[in-house]
Amino acid sequence: MREGNSKTSFAPLANAAALPTSSAWRADGALKDEDRMRVSAPRSSSKKNPELMRLYQSVREASARLGAPLSEADATVQSMPDASPAKWHLAHTTWFFERMILEPNLAGYGVFDRAFNFLFNSYYESIGPRQARARRGMITRPALETIIAYRDHVDRAMASLLEDDLSPGVAALIELGCNHEQQHQELLLTDILHVFAQNPLYPAYRDPGPIAVGRTDDSPPSYRKFDGGVVEVGHVGQGFAFDCEGPRHRALIEPFELADRLITNAEWMDFMADGGYRTPLLWLSAGWATAQSEGWSAPLYWERRDERYWSMTLRGAQPVDPAAPVCHVSYFEADAFATWARRRLPTEFEWEHAAASEPIGGNFVESGRLRPAPAQAGEPGLRQIYGDVWEWTRSAFSPYPRFHPAEGAVGEYNGKFMCGQFVLRGGSCTTPQSHMRASYRNFFPPDARWQFSGLRLAGDL
Ligand SMILES: [Fe+2]
């Protein structure tokens, strides 16, 4: 990653005042109205790297907007070992730019605070020791205001770097840093939902007002049939992709069919009413053991009230919408449901082969809905194939043929997690749309439930 050291001298961004600063946050942690506008105002341009500058600034602004509704306490608390505090997400993504890009490539760069290398390193063994993941919520100091100042500091330095000639290696690292931050934007939302779900007041991250849903389709899914054969999978083209999405290669698939929409809450309630959570024959052994030990009887965040189910959402506690896709279920639950339905989960290659011809669009974070939406009647193709919920596949997260992690610390990004996890595809209602593509491979352990995860059924022909 040091191949193309760009000997740029550090200089403040010309219009640094346009960037969100710590003063943009009020004492209670919320963003002032006038500063909400500043966060989304036009930014400086770079003559040398205009596209990369636009990408960098839009990603950083998006993070600031997502953090804006949170108080200092909201942003600091950690509700479980897997869920990081929002403050940590905002700092860690900034540390990534500082440690991976600015320190080795911007001459004269002044590190904001040496202690942050310990606090905000996530899992990079080659960089050094770090705060234990389960204890990130103990970082009550530095304050959120200091983290905002840290972000400003790094933004100014990145703007300076982006004014210079960049080697292809450094440009690629900046693009990686932007895509890394987009991943953490989704995690910030996922994790703050888990935080708020522990609060007896069930606070809403965003206004819980009514949301238009259009013409909902509650008819059974239809199944699209696909021929078997040798197909090509993996990233193709010039755009960004994570290392685990390649190399593109051939895969053999048998003839299969794939549902044209996601499984709904109504269908999940049928599974529950039919004893789905009480029938061991439907479950993988490890799944049944987990369901018993954890006491699972419904998706995460569901609660029975007044003869109906409610669910905690980013818009507060809401009645479960029968027509909306089921969300916050684990791989174990998705697999048991598929067995109950006498179907199966698709493989990741089947999913990619089917999705590759579909346009990237749907209910992503930009919709502002922040909840999965019901399938709409009359839409052609594979409905909800992108957005709404990540779709569990039956494929283990493993390396593609001829995959080799990158040299250096960024080689730890994906490759070392290729054990004990399953692939999810398609993005969710908390994923930035520009982050999505057919070859994108998300991955989580089979018992993970706090992600925006659901399922679509497949079958053999
Ligand atoms: Fe990270």
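Start by selecting helix H8 (residues 265-273) and helix H10 (residues 331-340), whose axes come within 11 Å and cross at roughly 80 degrees. Helices here are DSSP runs of H or I with at least four residues, and axes are lines fitted to C-alpha atoms over the stretch in contact, with angles from 0 to 180 degrees between N-to-C directions. H8 and H10 are therefore roughly perpendicular, a label for angles of 65 to 115 degrees.

Next, show the side chains where they meet. H8 brings Glu 267, Trp 268, Asp 270 and Phe 271, while H10 brings Glu 333, Ala 334, Ala 336, Phe 337 and Trp 340; contact means heavy atoms within 4.5 Å. Of these residues, six are nonpolar, none polar and three charged. Ala, Phe and Trp count as nonpolar here, Asp and Glu as charged.

A word about what you are viewing: this is a predicted model, where local features need pLDDT of at least 70 and side-chain atom pairs pLDDT 80 or more, while totals for chains, interfaces and linings use all residues. Residues are numbered from 1 along each chain as its sequence is written, and side-chain values use heavy atoms, leaving out hydrogens and water.

Now pick Cys 327. Its sulfur lies 6.0 Å from the closest cysteine sulfur, in Cys 429, too far for a bond, because a disulfide needs two cysteine sulfur atoms within 2.5 Å. Cys 327 is buried at 7% relative accessibility, and Cys 244 is buried too, at 2%; buried means under 20% relative accessible area with a 1.4 Å probe, protein chains only. The structure holds zero disulfides.

Finally, zoom out: 57% of the 461 residues in the chain are buried.

Definitions and conventions: Buried < 20%, exposed > 50% of the residue type's maximum accessible area, 1.4 Å probe, protein only. Helix = DSSP H or I, 4+ residues; strand = E, 2+ residues; numbered from the N terminus. Parallel < 35°, antiparallel > 145°, perpendicular 65-115°, else oblique.
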